[in-house]
Amino acid sequence: MTGAGPAILRPASGAASARTVIGLDIGGSKTHGIRIVGDSIMADRLAGSANVQNVSRETASRHLGVLLGSLGAADAGRVYVGAGGVDTEEDKDELRGLIAPYAPHAAVTIIHDTRLILAAAHVRTGIAVIAGTGSAVWGVDGQGTEVRAGGWGYLLGDEGSGYWLGREAVRHSLRRYDLGLPVDELTGALLADCGLSSPESLIRHFHGDTDRAYWAAKARLVFESADRGHAASERMVARAAESLAEQVVQVSLRLMHPGPVVLGGGVGLNQPALGRAFTGYLAAHGITDVRTLENDPVFGVSYLSREESTL
């Protein structure tokens, strides 16, 4: 029952249960959580983003409190967290500190959210690609060597992400305005979706009270315009796919491991045009085992917890 309201699951007692595992996938737009008891998923909930690169610590804590409360995390013995922006031990410790009040008995394991993608695809080795609000590529080989590319955040990169595409749509519209060109299909769709009347108003709107999730959601306008044959939108989709593919090639060369490549994230999962272009670019580099994730990354926690229990 994904996205159900915050009904609280009451633990049977104050003691932690080793059989109860909470899984979290903290993205730029939302946080997805599940409660696993034994081998069964007992609850599936959504809350706002708890990524401190996107929201304040106070907001992240509030969203985690609502979500973990609705999952009954007070009696969990283990919490697995996949999150972007956890690049150092300090980052992980900060996130553990936000989770601890709501899961006081749990051992908390924090991994980069790209790792959840491989786990959700039920593979131990390969290259995971996130194309969501942000973007990142992460790979691991059979010896446990890990390599990543991108995932630098919206100010430094995130090429091929939803935010990047939304921003490119704004830049396209403003560039046409500067050249004195008429409003085209993409600009018209963008203005209508933002409730604006003229391209120049996009400047204030972009720098005003909007966030990354807001602009990432505008990526769908680029795909819709591309599907209708709008040439500039087609080029944006092609550049997004090429940027993601280049990062995969970079990781593959360093690992000397060609795949499988697993594409996930909201944009990766929901925009077939990106997947087709992405697959085509990789095929040109001899990488042909490319898969699109068929379920949400958080369900990779079930795979990770089973793997750990067999060690």
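This is a predicted model: local features need pLDDT of at least 70, side-chain atom pairs count only at pLDDT 80 or more; totals for chains, interfaces and linings use all residues.
Select helix α9 (residues 231–255) and helix α11 (residues 272–283): they pack at an angle of about 45°, with axes 8 Å apart. Axes here are lines fitted to C-alpha atoms over the stretch in contact, and angles run from 0 to 180 degrees between N-to-C directions.

Residues are numbered from 1 along each chain as its sequence is written, and side-chain values use heavy atoms, without hydrogens and water.

Next, select α3, residues 113–120. Seven of its eight residues are buried (under 20% relative accessible area, 1.4 Å probe, protein chains only). Among them are D113, L116 and A120. Step just past α3 to H122, which takes a positive phi of about 60°.

Now show the largest pocket, with a volume of about 990 Å³. A pocket is an open set of points on a 1 Å grid where a 1.4 Å probe fits, with protein on both sides within 12 Å along at least five of seven lines; lining residues have an atom within 4 Å of a point. Select G27, G28, G132, T133 and G134: of the 45 lining residues, these lie nearest the centre. Then colour α10 (266–270). α10 gives the most to the lining, with four residues.

How values were computed. Grid points are joined across faces, edges and corners, and a volume is the space filled by probe spheres set on the points. Helices (H or I, at least four residues) and strands (E, at least two) are DSSP runs, numbered from the N terminus. Buried means under 20% relative accessible area, exposed over 50%, partly exposed in between (1.4 Å probe, protein chains only).
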